[in-house]
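Keep the model open while reading.

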Amino acid sequence: MNDPTRLPPYSQDAEVAYLGALLVQPAKAGEWLKLVSREAFYLVDHQIIYDVLLKMHADGIPADVVTLRDELEKRQLLDEIGGWEYVGQIVSSVPASDNADQYARIINDKHH
């Protein structure tokens with residue numbers, strides 16, 4: 001019997017660490033953005049942030065805390081994802097930005 005209160009498997013820590021790594025090392029965004037699809041993120045806030053990061057990369061805008069905040073404000077999405085404070089939490093929660101590929105693996109494994 002299915003339990004309607006049971007959440008699908010996901011790792012909020014891996015999602016946050018992956019997004020944070022993209023912001024800490026924007027030069028690697030081209031390589032790392034290919035590792036995860038939007039649908040692999042369980043949390044809608046993370047899907048929104050990922051969409052904006054993809055668009056910024058496509059437009060040639062390096063993504064860091066300041067430029068992401070600016071893009072989210074322009075799109076009137078900053079409050080929707082938890083505000084400036086949440087963007088700051090994402091960056092400060094990255095254990096090791098060089099491990100983005102491992103965070104992506106965890107996200108993808110949980111998604112499938």
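Helix axes here are lines fitted to C-alpha atoms over the stretch in contact, and angles between N-to-C directions run from 0 to 180 degrees. The model is predicted.

**Helices α4 and α5**

On that basis, the axes of α4 and α5 cross at roughly 150 degrees and come within 11 Å. The crossing is right-handed. From α4, the contact uses Val-65, Leu-68, Arg-69 and Leu-72. From α5, Trp-84, Val-87 and Val-91 take part. By class, the contact residues are 6 nonpolar, no polar and 1 charged.

**Helix α3**

Helix α3 covers residues 44–58. The buried residues of α3 are His-46, Gln-47, Ile-48, Ile-49, Tyr-50, Val-52, Leu-53 and Met-56. An α-helix has 3.6 residues a turn, so residues three or four places apart point the same way. What do the buried residues of α3 pack against? Their partners are α1 (12–24), α4 (65–74) and α5 (83–92). After α3 comes Gly-60, with a positive phi near 75 degrees.

**Aromatic pairs**

There are 4 aromatic pairs in the count. Two of them are tabulated.

| Pair | Centre to centre | Angle between planes | Type |
|---|---|---|---|
| Tyr-10 and Tyr-42 | 4.2 Å | 25 degrees | stacked |
| Phe-41 and Tyr-50 | 4.9 Å | 45 degrees | tilted |

Tyr-10 sits in the segment before α1, and Tyr-42 in the loop between α2 (29–32) and α3, so their pair ties together parts 32 residues apart in sequence. Tyr-10 counts as partly exposed, at 25% relative accessibility. Tyr-42 is also partly exposed, at 33%. Phe-41 and Tyr-50, by contrast, are both buried. Together with Tyr-18, Phe-41 and Tyr-50 form one aromatic cluster.

Ser-11 belongs to the segment before α1. Is Ser-11 buried or exposed? The cut-off for buried is under 20% relative accessible area. Ser-11 has 18% relative accessibility, so Ser-11 counts as buried. Leaving out residues up to four places away in sequence, Ser-11 touches Ile-106 and Lys-110.

Asp-101 is part of helix α6, residues 100–111. Its relative accessible area is 39%, so Asp-101 is partly exposed. Asp-101 and His-112 lie 11 residues apart along the chain, and their C-alpha atoms are separated by 17 Å.

Definitions and conventions. Residues numbered from 1 in each chain as written. Predicted model: local features only at pLDDT ≥ 70, side-chain atom pairs only at ≥ 80, totals over all residues. Heavy atoms only, no water. Helix = DSSP H or I, 4+ residues; strand = E, 2+ residues; numbered from the N terminus. Expected span 1.5 Å × (residues − 1). Buried < 20%, exposed > 50% of the residue type's maximum accessible area, 1.4 Å probe, protein only. Contact = heavy atoms within 4.5 Å. Left-handed = near helix turned anticlockwise from the far one by under 90°. Nonpolar A, V, L, I, M, F, W, Y, C, P; charged D, E, K, R; others polar. Phe/Tyr/Trp six-rings, centres within 6.5 Å; stacked < 30°, edge-to-face > 60°.
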